Protein chains: 2
Amino acid sequence: MEQQPPRFDHMSPEQFRAAGYAMIDRIAAYWESLQSRPDDTPIASRVKPGDIFASLPPAAPEHQEPWDAIARDIDALIMPGITHWQHPGFFGFFPANNSGPSVLGELLSAGLGVQGMLWATSPAATELEMRVLDWLGRAIGLPESFLFGERPFESPGGGVIQGTASEAALAAIVAARGRAQRAGAHADFVVYTSTQAHSSITKSAVVAGVARDMNDATHVRLIDVDEDLAMRPDALAREIAIDLAAGRVPLLIAATLGTTSTTAVDNLHDIAAVIDRTFASHPAAPRPWLHVDAAHAGAALVCPEFRWLIRGIERADSFCFNPHKWLLTNFDCDCFWTRDRAALINAMSITPEYLRNAASSAGTIDYRDWHVPLGRRFRSLKLWFVLRHYGLEGLRAYIREHVRAAETLEALARADARFDVVTKRTMNLVCIALRPRPGESPEDANARTKALHHALNAANRILVTHTILPGGRYVIRVAIGGSFTREAHVLAAWEAIRSLA
Amino acid sequence: MEQQPPRFDHMSPEQFRAAGYAMIDRIAAYWESLQSRPDDTPIASRVKPGDIFASLPPAAPEHQEPWDAIARDIDALIMPGITHWQHPGFFGFFPANNSGPSVLGELLSAGLGVQGMLWATSPAATELEMRVLDWLGRAIGLPESFLFGERPFESPGGGVIQGTASEAALAAIVAARGRAQRAGAHADFVVYTSTQAHSSITKSAVVAGVARDMNDATHVRLIDVDEDLAMRPDALAREIAIDLAAGRVPLLIAATLGTTSTTAVDNLHDIAAVIDRTFASHPAAPRPWLHVDAAHAGAALVCPEFRWLIRGIERADSFCFNPHKWLLTNFDCDCFWTRDRAALINAMSITPEYLRNAASSAGTIDYRDWHVPLGRRFRSLKLWFVLRHYGLEGLRAYIREHVRAAETLEALARADARFDVVTKRTMNLVCIALRPRPGESPEDANARTKALHHALNAANRILVTHTILPGGRYVIRVAIGGSFTREAHVLAAWEAIRSLA
């Protein structure tokens with residue numbers, strides 16, 4: 001009998017249903033176990049570098065494997081290498097939120113498998129995103145100038161989902177450069193941000209070719225900060241004046257609401273005032289773009305009591321925050337709004353023949369012109385599900401529970417004479433360090449804090465990360481914003497910190 | 001009674017299971033209906049610009065909504081605005097593949113909710129990606145120099161998942177620039193690609209600041225093509241010589257395997273030979289980076305009969321292709337390999353204190369240094385599932401069925417005297433146009449082809465897109481690579497084309 005060539009068959013609907021239900025069950029069980037029995041799951045993976053790589057064969061299988069074997073390997077090979085970001089005791093970095101409605105949105109997006117690069121390639125993918133970005137913009141108190149509003153294809157502003165705040169910063173820099181070029185500036189652009197800003201600002205400037213490399217202090221000015229680690233407007237004014245005098249072109253100022261290190265907050269109103277004053281006396285110089293990076297803190301703006309964060313926002317050119325950090329939406333989802341979408345589109349748009357179509361010509365929104373990638377998935381589905389399933393009041397309650405827990409932790413640490421709460425707590429991050437003993441050198445005190453940090457992570461019931469402040473102090477960051485983190489977990493974390501101190 | 005403040009509650013496990021099963025069922029039913037009753041689903045959405053936007057309220061709901069109401073609105077508000085990329089009669093643009101195992105991988109990635117930015121933040125996310133990129137690299141015939149191999153943390157080469165080929169091109173340009181800067185070149189960089197290359201090459205050059213704008217022909221040289229629409233090596237040599245003589249710095253050559261317009265194939269071997277010859281006589285000039293964009297065509301390389309496409313690949317610096325186009329993996333998933341990962345990492349790496357950790361210091365792989373975004377999801381899961389569920393022989397059978405169907409369509413069109421098969425078919429794209437009648441002007445023939453194109457899409461049983469060739473001929477592109485597209489659908493498409501012609 002002659003051998004038949006291998007056939008191609010899709011996973012059958014029955015098999016997809018069975019495997020899909022099992023995957024849903026797996027996720028539900030994983031989340032349940034993290035919540036109800038957190039101590040059963042050590043947070044950080046303890047595999048050694050190379051272990052997992054070595055446990056996988058060097059080449060892909062030639063023949064189809066049964067789904068059961070694949071599913072078994074999730075447990076055998078993958079789970080031991082997972083660090084559990086959804087564990088309620090995970091207080092490291094910034095949270096990476098998740099939730100049922102969000103995962104269902106990601107699933108639907110994957111299942112529909114549409115490309116949202118153009119309005120015409122799936123109108124719902126574009127228009128739901130436009131509307132949901134308006135929803136979220138209104139929910140966090142952005143002025144109407146950043147929204148689509150009721151004439152969505154003609155508004156000067158609007159929002160878009162980018163992958164990450166890094167990509168948002170890059171988009172802002174590229175838009176700013178295009179606008180400056182049209183105003184006649186062509187070289188020696190300078191980006192300003194604080195010494196405490198996220199590294200992605202410098203990285204974006206390098207990627208965009210504005211800075212030569214990560215150490216190019218001429219083209220990325222890291223502005224001094226005040227005692228609360230906020231950008232000093234007077235220092236910003238001085239640096240801009242120096243650059244203008246030297247013939248350089250101030251291109252973009254990236255203000256941060258909630259720095260990664262300590263959630264320090266730059267004052268938008270004062271920064272905008274510096275721009276106004278400086279460029280009033282330099283009418284020929286193009287006005288720099290003011291970009292606001294609220295990657296983590298933006299979520300708090302759903303609560304009116306945090307609106308002080310964005311005082312002055314009406315003077316900014318763009319603003320971004322990441323619902324994938326602290327707003328119950330799984331990665332990736334950075335929401336980016338601009339008051340000057342024409343600048344962004346002018347800088348990013350290129351239309352080959354094979355993408356031309358009647359709807360684009362008629363002036364719809366083609367989101368491929370709002371960022372680097374051409375293709376895009378239907379990410380607004382997950383935001384739509386999250387906003388509707390929890391409602392704004394549910395999201396506010398969620399944020400407030402974390403902030404209350406942070407207040408509690410701060411109070412407990414302040415009440416313990418062995419600890420300092422080192423930086424001003426602005427929202428859900430508490431930065432603590434061991435208090436130097438009388439006569440103890442800063443280095444020795446740092447060493448004790450570092451040892452405590454490592455001991456906490458070695459015990460592996462909570463996970464915290466560190467930063468080093470200007471001046472050199474080593475501090476433990478306790479970032480309270482995990483999807484499943486409630487006040488009780490924060491109290492347990494304090495008990496672990498206190499007892500190991 | 002005092003009013004209680006709103007509480008926050010997660011979707012319960014029971015509710016997540018029920019809604020999750022229903023979502024799996026919805027996707028299974030959608031795929032089944034597209035396959036078994038394609039004529040029940042008109043392919044392109046017919047909504048008008050603004051319809052969906054207007055159908056959604058202007059603000060997010062204040063209170064939680066029941067999940068049933070949300071699920072109902074998927075049908076009521078979203079599905080009418082979907083253009084069905086997974087419909088077997090979708091032959092537009094390039095395919096955007098999907099499959100059961102891939103969607104399950106996306107679902108698991110979302111459910112686990114880990115951040116793969118550093119090795120330490122989830123070792124499995126990094127090491128599975130490393131291994132699966134090696135699997136896929138071997139499967140498509142990449143030389144070992146592009147792989148991690150058996151000393152994965154020390155190899156000079158390796159692979160990474162980027163979002164899209166646009167982001168891969170940007171990464172290549174930034175890596176190339178860093179390498180050229182270290183060799184002493186600092187300005188007036190030039191990128192070379194063919195007139196038929198994807199617009200993302202020019203866009204990436206603009207984003208990177210290498211080109212001033214999309215029309216900067218000094219810094220993005222669009223090289224002439226031959227009669228098969230492949231880059232002319234002699235024209236490339238001439239442009240490079242002109243730039244070297246003028247003191248400009250040839251930075252990067254982007255060769256295309258399978259152009260978007262017509263799947264034309266640049267000859268890597270001949271392009272590498274041009275670089276060798278030119279820079280042998282300019283030993284002081286840094287050698288330009290050779291990037292290979294095989295975004296769509298790379299999938300075909302799983303079949304040995306397509307390996308001619310990458311003759312000369314051992315001379316390239318980087319190579320990318322998108323399993324999300326034609327390899328059963330849902331968007332986004334661009335696989336990018338480089339022989340010089342140090343150049344990429346040197347250009348992209350920046351390490352603030354809050355990301356420092358012992359594993360990074362010990363020389364593991366931190367993928368955040370391989371691209372613009374810092375955060376990253378666990379995308380290798382879906383590739384791992386696809387490769388194991390189908391096996392390489394299954395993937396080959398899948399590709400071969402599409403190529404056979406394209407051969408059949410080509411033969412049918414050639415046998416019909418009303419049609420021309422306008423460009424050389426290299427794989428799964430057939431470019432057809434109506435043959436000019438005796439004495440008919442090219443414009444009139446184009447108008448008839450365009451009318452046929454629009455009539456086909458108006459009937460909405462198949463969807464095709466067009467391109468315009470150098471010289472001005474309007475052609476209909478029939479891209480045969482949909483997840484559910486089998487030979488029978490291609491025969492039905494030909495019947496539609498033939499009968500409307």
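## Exposure of Asp188(A)

A residue counts as buried if 20 or more other C-beta atoms lie within 10 Å of its own, as exposed if 12 or fewer do, and as partly exposed in between. Asp188(A) has 14 other C-beta atoms within 10 Å, so Asp188(A) is partly exposed. The structure discussed here is a predicted model.

Asp188(A) sits in the loop of chain A that runs between helix H6 (165-182) and strand E2 (189-194). The phi angle of Asp188(A) is positive, near 60 degrees, and the residue is not a glycine. Most residues other than glycine have a negative phi.

Asn460(A) lies in the loop between helix H14 (442-459) and strand E10 (465-468) of chain A. With 16 other C-beta atoms within 10 Å, Asn460(A) is partly exposed.

## Cis peptide bonds

Most peptide bonds are trans. In chain A, the bond that joins Phe331(A) and Asp332(A) is cis, with omega about 0 degrees. Asp332(A) belongs to the loop between helix H10 (323-326) and strand E7 (334-338) of chain A.

Chain B has a cis peptide bond between Phe331(B) and Asp332(B), where omega is about 5 degrees. Asp332(B) is in the loop of chain B between helix H10 (323-326) and strand E7 (334-338).

## How the two chains are related

Two copies of a chain are related by a rotation about an axis and a shift along it.

## The contact between the chains

Chain A puts 124 residues into the contact, and chain B puts in 124 residues. On the side of chain A that touches chain B, helix H1 (residues 13-36) of chain A gives the most, with 14 residues. By class, that side of chain A holds 69 nonpolar, 35 polar and 20 charged residues. Of the interface residues of chain A, 100% are also interface residues in chain B, so the copies meet through the same surface.

Ala110(A) is part of helix H4 (residues 100-112) of chain A. Ala110(A) has 24 other C-beta atoms within 10 Å and is therefore buried. The C-alpha atoms of Ala110(A) and Asp416(A) are separated by 50 Å, and the two residues are 306 residues apart along the chain.

## Helix H9 of chain A

Helix H9 (residues 268-280) of chain A has 13 residues, and the distance from its first C-alpha to its last is 18 Å, close to the 18 Å expected at 1.5 Å a residue. Its buried residues are Leu268(A), Ile271(A), Ala272(A), Val274(A) and Ile275(A). Viewed down the axis of H9(A), these buried residues fall within an arc of 150 degrees, so they line one face of the helix.

That set of buried residues packs against helix H8 (233-245), strand E4 (249-256) and strand E5 (289-293) of chain A. Asp276(A), Arg277(A) and Ala280(A), on the other side of H9(A), are exposed.

## Helix H13 of chain A

Helix H13 (residues 380-414) of chain A has 35 residues, but its end C-alpha atoms are only 42 Å apart, whereas a straight helix would reach 51 Å at 1.5 Å a residue. H13(A) has a kink of about 85 degrees, centred on Gly391(A).

## The surroundings of Arg473(A)

Arg473(A) is located in the loop between E10 and strand E11 (474-479) of chain A. It has 18 C-beta neighbours inside 10 Å and so counts as partly exposed. Apart from neighbours within four places in sequence, Arg473(A) is in contact with Val422(A), Ala433(A), Pro442(A), Asn446(A) and Ile468(A).

Arg473(A) and Ala18(A) are 455 residues apart along the chain, and their C-alpha atoms are separated by 54 Å.

Terms used:
Residues are numbered from 1 along each chain as its sequence is written. Chains are lettered from A and ligands numbered from 1 in the order in which they are written. This is a predicted model: local features need pLDDT of at least 70, side-chain atom pairs count only at pLDDT 80 or more; totals for chains, interfaces and linings use all residues. Two residues are in contact if their C-beta atoms, placed from the backbone, lie within 7 Å. Helices (H or I, at least four residues) and strands (E, at least two) are DSSP runs, numbered from the N terminus. Ala, Val, Leu, Ile, Met, Phe, Trp, Tyr, Cys and Pro count as nonpolar, Asp, Glu, Lys and Arg as charged, and the others, Gly among them, as polar. The expected span of a helix is 1.5 Å times one less than its number of residues. The arc is that of the directions from the helix axis to the C-beta atoms. The bend at a residue is the angle between axes fitted to the seven residues ending there and the seven starting there.
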